[in-house]
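Please keep the sequence and the model at hand while reading.

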Amino acid sequence: MAEYKYPALLHDRAKLVSNVKKLSDKCGEQGIQIAGIIKATNGTVAAAEDFVAGGAKLIGSSRLEQLKRAKDAGIKVPLLLIRVPMLSEIDEMVDIADISLNSEPLVLEAINKAALDKGITHKVILMADLGDLREGFFNLDELVETAAKVENEMPGLVLAGIGTNLGCYGSVIPTEDKMVALAKLAERVEAEIGRELEYVSGGATTSLLGVYHGYMPDKINMLRLGAGPLIGPLEDVRLCYNLEAMDELECPFVLKAEVIELKVKASYPQGELGVDAAGKKREYVDRGMRMRALLAIGRADYGDIDDLVPEMEGTTVIGASGDHTIVDVEDVKDTVKIGDIMTFRLKYSALLNLAESENVKKYEI
Ligand SMILES: *Cc1c(COP(=O)(O)O)cnc(C)c1O
């Protein structure tokens with residue numbers, strides 16, 4: 001086994017490729033291509049390569065730096081900026097991204113001008129806000145009007161499609177009626193401009209619901225997938241949406257952290273209680289004396305203990321401060337030693353945070 005430095009974030013490349021392949025095959029059966037969204041890995045080139053190897057037809061990120069890295073590394077598929085561009089990044093954006101998601105006529109005009117100045121064209125996908133209330137046209141008539149304007153009056157732009165995003169801010173489920181609404185809107189835009197759209201982008205990982213349950217309208221032909229392939233069977237999404245089908249996926253990223261203290265301690269703090277390291281009032285449960293492992297990793301690295309899932313049965317993460325994590329190991333106390341490495345599966349936010357933490361070593365295996 002390789003010698004690692006800890007804490008370590010391990011990226012198992014074969015598992016990511018396999019996840020992407022399963023999802024792109026499944027979506028492909030329904031005429032849906034995948035854009036691989038790499039932002040949760042801090043946009044590593046390895047993740048972009050794995051997505052492409054697994055069958056992703058585009059690579060996307062919210063951050064231009066990450067797309068630039070993919071481009072510089074020779075990723076050949078179209079690069080998609082999935083956060084509505086800042087006016088201040090448009091000049092750079094048209095050089096790096098092939099396509100961007102958009103919702104502001106003013107921004108579209110600026111992209112049009114930047115593309116014309118450079119003698120190029122840039123593809124845009126107009127976003128419809130179908131109720132999740134983050135980005136996108138909330139007034140769908142305005143989206144259709146803007147689409148016509150892009151098509152007829154902005155020669156630096158190519159109207160590549162429309163899309164939507166659900167399940168982000170508003171927790172709105174991509175139910176069949178939402179997907180049908182998007183498909184109908186695509187037909188409206190197509191009637192307006194007199195041709196077919198290249199992309200109708202039905203959302204992110206949560207929109208796999210429509211694929212697994214077989215209700216995706218034919219019109220929808222692209223999903224932007226990050227969490228599904230990167231995290232694997234997401235407990236929360238799986239339970240909420242009844243997606244046992246996701247169990248066929250594996251868990252490509254794990255955290256490994258080292259045990260630095262192993263002691264039997266009281267489980268209820270002793271003394272007068274104020275606030276914890278984060279300045280929060282906490283509740284503690286008195287479970288008597290328990291064996292606890294202290295790990296050299298903390299909230300500064302991963303965020304919230306709820307986003308770590310210990311691999312070792314019988315252990316529970318009970319708390320953390322910025323640089324320490326406390327794990328109850330009472331039920332497995334005979335098998336844990338100082339210097340042992342504990343492995344955790346990660347929920348989305350933990351992966352995002354760990355990938356960006358300088359303190360965490362990264363290994364691709
Ligand atoms: C992050 C993001 C995605 C990917 O979402 P996942 O839930 O990780 O699949 C897709 N589209 C947009 C606009 C995003 O911001």
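Helices (H or I, at least four residues) and strands (E, at least two) are DSSP runs, numbered from the N terminus. The model is predicted, so that local features need pLDDT of at least 70 and side-chain atom pairs count only at pLDDT 80 or more, while totals for chains, interfaces and linings use all residues. Residues are numbered from 1 along each chain as its sequence is written, and side-chain values use heavy atoms, with hydrogens and water left out.

**A buried aspartate**

- Aspartate 307 lies in the loop that runs between α11 (299-302) and β12 (308-310).
- Aspartate 307 is buried and yet has no salt bridge, since the nearest side chain of opposite charge, that of lysine 347, is 5.0 Å away; a salt bridge is a side-chain nitrogen of Lys or Arg within 4 Å of a carboxyl oxygen of Asp or Glu.
- Buried means under 20% relative accessible area, exposed over 50%, and partly exposed in between (1.4 Å probe, protein chains only).
- For charge, Lys and Arg count as positive and Asp and Glu as negative, whereas His and the chain ends are not counted.
- Leaving aside residues up to four places away in sequence, aspartate 307 touches Arg345, Leu346, Lys347, Ser349 and Ala350, where contact means heavy atoms within 4.5 Å.

**Cysteines**

- The count of disulfides comes to zero, a disulfide being a pair of cysteine sulfur atoms within 2.5 Å.
- For cysteine 27, the closest cysteine sulfur is that of cysteine 168, and at 17 Å it is too far for a bond.
- Cysteine 27 is buried, with a relative accessible area of 0%, whereas cysteine 168 is partly exposed at 41%.

**Aromatic rings**

- Three aromatic pairs are counted; rings of Phe, Tyr and Trp (its six-membered ring) pair if their centres lie within 6.5 Å, and planes under 30 degrees apart count as stacked, over 60 as edge-to-face and the rest as tilted.
- Tyrosine 4 and tyrosine 363 form a tilted pair, because their ring centres are 4.6 Å apart and their planes stand at 55°.
- That pair links distant parts of the chain, with tyrosine 4 in the segment before β1 (8-11) and tyrosine 363 in strand β16 (residues 361-364), 359 residues apart.
- Tyrosine 268 and tyrosine 284 form an edge-to-face pair, at 6.3 Å centre to centre and 85° between the planes.
- Tyrosine 268 and tyrosine 284 both lie in the loop between β10 (253-266) and β11 (289-295), 16 residues apart.
- Tyrosine 268 counts as partly exposed at 37% relative accessibility, and tyrosine 284 is partly exposed at 35%.
- Tyr4, Tyr6 and Tyr363 form one aromatic cluster.
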